[in-house]
Each structure stands twice: as structure tokens, then as C-alpha cells.
Amino acid sequence: MTKTTERIALVSPSPGTQRHLLAHRYGRPGARPKAYLQASIHADETPAMLVAHHLMKLLDEADAEGAIAGEIILVPVANPIGLSQSLNDHLLGRHEASGGGNFNRSWPDLYPTLPTRVAGKLGRDPARNIDAVRSALREIAGELQPGNEFSSLRGALTRLAVDADIVLDMHCDDEALMHLYLIPQHWPEARDLSAEIGSRATLLAADSGGHSFDETFSTPWTRLAAAVGPETPVPPACLAATIEYRGQADTGDEINRPDAQALFRFLQRRGLIAGDPGPLPKPLCDATSLDATEVLRSPVAGIVCYRRALGAKVAKGDVIAEILNPLAEDPSQQRLSLAAGTDGFLMTRRQHKMVRPGNSIGKIVGTEPLASRQGYLLED
Ligand SMILES: [Zn+2]
């Protein structure tokens with residue numbers, strides 16, 4: 001057996017309390033390829049934690065059979081800070097309650113000192129360049145200083161993931177179909193991941209603008225490649241993806257065990273685990289540009305009454321939902337229609353139907369880039 005479990009203490013946020021992470025490691029340290037997987041950085045993403053739970057069982061079995069060929073790190077609960085936040089019995093994920101912002105934004109930018117650190121160490125050999133960049137990235141991650149509990153969480157997860165070939169950040173949406181985020185430099189290379197997990201929408205953005213966890217590891221490579229030019233080949237050597245395991249309510253062994261089996265087959269296909277994964281399933285979608293996905297927002301407060309189901313094919317102008325004002329005295333003025341701004345299909349909706357102005361009520365996956373989707377591409 002190669003499995004070891006590391007317990008990583010976070011900075012204590014208040015006297016008498018301290019949280020920690022568990023990182024399960026499989027395979028010989030330093031073996032390649034290396035995959036890093038974590039679940040639920042937004043905390044309130046139970047499907048992702050259940051996928052990690054089932055994956056761990058599969059990895060334990062493979063390890064007992066001596067089948068781990070690369071190195072795999074699995075963090076089954078990436079955000080114990082968020083998991084501790086609750087109000088009126090509701091788990092409050094997504095944002096850090098003490099003011100640290102969205103848990104999946106503003107991750108440390110590993111790029112700024114990277115060109116200087118690798119200066120004079122890069123040449124014509126892509127494999128040697130990869131080694132030099134990884135070693136510099138490890139150095140940068142090692143120097144991150146924890147200023148508080150949240151930044152100690154960021155630092156610990158960054159150090160675990162920083163030199164991986166594959167980083168899979170497992171989330172879920174509110175009410176949603178399975179979907180996947182990647183940078184365009186990893187398409188079509190990552191077709192196997194998209195097909196294996198059964199992605200219904202695979203969304204590409206070179207820089208979504210939010211410094212999310214996945215882009216922390218994928219974009220230093222592409223930015224460095226652009227800076228040094230084609231004479232010095234720097235491959236996009238970290239395939240980092242965000243996987244959205246449908247909606248929060250899609251939590252159950254019968255749903256998430258097959259999800260874990262799909263990840264296991266993907267890791268087999270990529271040479272991390274011995275054994276035959278069988279034929280790749282038929283893909284359920286092609287990739288589309290994230291700036292072609294419309295985020296439909298309500299301009300007013302009220303109750304969302306959906307007119308279209310999740311997954312419904314929609315055309316520009318179709319009414320997706322009405323926002324009902326329960327205080328309107330004139331019933332004819334009670335509802336405001338929200339229409340699709342693009343042709344596509346409805347990928348997400350919201351579970352909780354009372355909305356405030358500016359809330360997203362759904363995402364429509366289209367194929368034509370939208371003028372409304374420039375710059376910052378994430379939901380919030
Ligand atoms: Zn999330």
C-alpha cells in the first residue's frame with residue numbers, strides 16, 4: 001500500500017479553535033503523471049464531497065492491488081472554514097463570513113515572478129522547460145505567507161496542487177446539468193475528461209477574470225508561453241479544470257458513485273492507474289466559449305416562476321422565467337418577463353425562488369459570443 005494521509009493545520013482564527021485539512025496521497029511521491037483533486041472549495045457543494053468519498057474507496061482498492069502508477073492527491077473536504085459557517089440551520093458556503101470574499105476568487109497569482117525565476121533555464125526542450133517551470137512554481141508556492149486562516153487554506157491547497165499534471169476542482173452549481181470549465185489551450189486535449197464525466201456543457205475561457213483555483217495552475221504556463229515566444233516551447237503542462245457536479249440537491253450514492261467511477265476511468269486513461277478503462281463514452285457536448293454563455297439576471301426583487309425546464313432548448317426572445325412581485329396591487333403588473341438573449345439551452349436555474357435585484361436566475365449556453373459577456377465572466 002502506498003497511501004498516506006497528511007493532516008494539515010490551518011492558522012487558528014480565534015483562541016481555542018483550529019481547523020485542518022486531510023490530504024490523501026497515493027503512489028510514489030514524485031511519480032508522474034501527478035493528479036490533484038479537491039472537493040467543495042465553496043463548502044456548500046455536497047455532491048463533490050460524495051464523489052470524493054466514492055473515489056477514495058476506488059483508489060484504496062486500486063492501491064491494494066498495486067495499480068497506482070502515478071501520484072494522486074485527494075482532498076475530500078477542501079474548505080473546513082466554509083463548512084463551519086451556518087445561520088438558522090443553513091450552511092453558508094461560497095463566501096467567507098469574516099470578509100474574505102468568494103472562496104473561489106482571488107487565489108494567489110503565481111505568475112509575476114515566474115519569468116525572472118526561470119530566466120536562463122529555458123531552452124528548446126519542452127520536457128526540460130516543464131521541469132524548470134514546475135520547480136519555480138513549487139518555490140513560489142512555498143513562499144506564500146499565511147496572513148490569516150483563509151490564506152493558510154489557500155497556501156496549503158496551492159502547495160499540494162502546484163506541480164500536478166492534472167488539477168480537478170470539484171464543485172456543484174445551484175440547480176444544474178453537469179458542466180466543466182477549462183482554458184481553451186486544453187481543448188480538444190481534454191475531450192476525454194469532458195466525455196468521461198458526461199459533461200453537458202464544456203466552457204472555455206482563457207482568463208475568466210476571477211483568479212479562480214483552476215486558473216491559478218493552468219494560466220502561469222500559458223502566460224509564460226506567450227511571454228517567451230514559440231522558440232522556447234512551454235507546453236500548457238497543467239490541465240486544470242473546474243467540474244460542476246450538477247446542482248446542490250443532486251447528492252446521492254446512486255448519482256455520485258458513477259461520477260467517481262468516471263473519474264477513476266479518466267485517471268486510468270491518463271496513465272495514473274493501471275487497468276483498462278474501456279471505450280470512451282460518446283461525448284454529450286462539444287466545447288463552447290464561456291463568453292457565449294448568458295447569465296440571466298433579475299433586475300427586480302420577487303419570486304422566480306420558471307417557464308422553461310433545466311436543459312430546455314431555447315431561442316433568443318423566449319421567456320425563461322417571470323419574476324412575480326407579491327406586493328403589486330394590479331395583477332396585470334405583477335409579473336416581469338425575463339427573456340433569453342441568445343439561442344442555446346438552459347444549463348442552470350436556482351433552487352430558492354425568492355430573488356433580489358442582480359441575482360442570477362439561470363445560465364443559457366449558446367455558441368455566439370455575447371457583447372454582454374466581456375471581461376469578468378464569472379457569476380459573482
Ligand atoms: Zn463552487
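Entry 1, terms. I take helices, as runs of H or I with at least four residues, and strands, as runs of E with at least two, from DSSP, and I number them from the N terminus. The model I am reading is a predicted one.

Asn 88 is not a glycine, yet its phi is positive, at about 50°.

I found a cis peptide bond joining Arg 32 and Pro 33, with omega about -5°, and I placed Pro 33 in the loop between β2 (20–26) and β3 (34–39). I also recorded the peptide bond from Trp 187 to Pro 188 as cis, with omega near 10°; Pro 188 belongs to the loop between β11 (179–182) and α6 (191–197).

How many disulfides does the model hold? I count 0 disulfides, taking a pair of cysteine sulfur atoms within 2.5 Å as the rule. For Cys 285 I checked the distance: the closest cysteine sulfur is in Cys 172, and because it is 18 Å from the sulfur of Cys 285, it is too far for a bond. I also noted that Cys 285 has 17% relative accessibility and therefore counts as buried, the cut-off being under 20%.

I looked at helix α4 (residues 126–142) and helix α7 (residues 213–228), whose axes come within 12 Å and cross at roughly 125°. The two helices, α4 and α7, are therefore oblique to each other, and I recorded their crossing as right-handed. Which residues meet where α4 and α7 are in contact? On the α4 side I listed Ile 130, Val 133, Arg 134 and Leu 137, and these meet Pro 220, Trp 221 and Leu 224 in α7.

I traced an open sheet of 4 strands in the order β19-β18-β16-β21, with antiparallel pairing. At its edges stand β19 (335–339) and β21 (354–355), and because each has a single partner strand, one side of each is left without a neighbour in the sheet. I followed the pairing of β21 with strand β16 (residues 302–306), which is antiparallel and runs over 2 bridges; here Ile 303 stands opposite Met 354 in β21.

I turned to strand β22 (residues 360–365) and found it mostly covered, with 6 of its 6 residues buried. Which strands did I find paired with β22? Strand β15 (residues 293–297) pairs with β22 in the antiparallel sense over 5 bridges, and within this pairing Glu 294 has Ile 364 of β22 as its bridge partner. Strand β20 (residues 344–349) also runs antiparallel to β22, joined to it by 3 bridges, and there I noted Val 365 in β22 as the bridge partner of Phe 345.

Definitions and conventions: Residues are numbered from 1 along each chain as its sequence is written. This is a predicted model: local features need pLDDT of at least 70, side-chain atom pairs count only at pLDDT 80 or more; totals for chains, interfaces and linings use all residues. Side-chain values use heavy atoms; hydrogens and water are left out. Buried means under 20% relative accessible area, exposed over 50%, partly exposed in between (1.4 Å probe, protein chains only). Two strands pair if DSSP finds at least two bridges between them. Axes are lines fitted to C-alpha atoms, for helices over the stretch in contact, and angles run from 0 to 180 degrees between N-to-C directions. Angles under 35 degrees count as roughly parallel, over 145 as roughly antiparallel, 65 to 115 as roughly perpendicular and the rest as oblique. A crossing is left-handed if the near helix is turned anticlockwise from the far one by less than a right angle, and right-handed if clockwise. Contact means heavy atoms within 4.5 Å.
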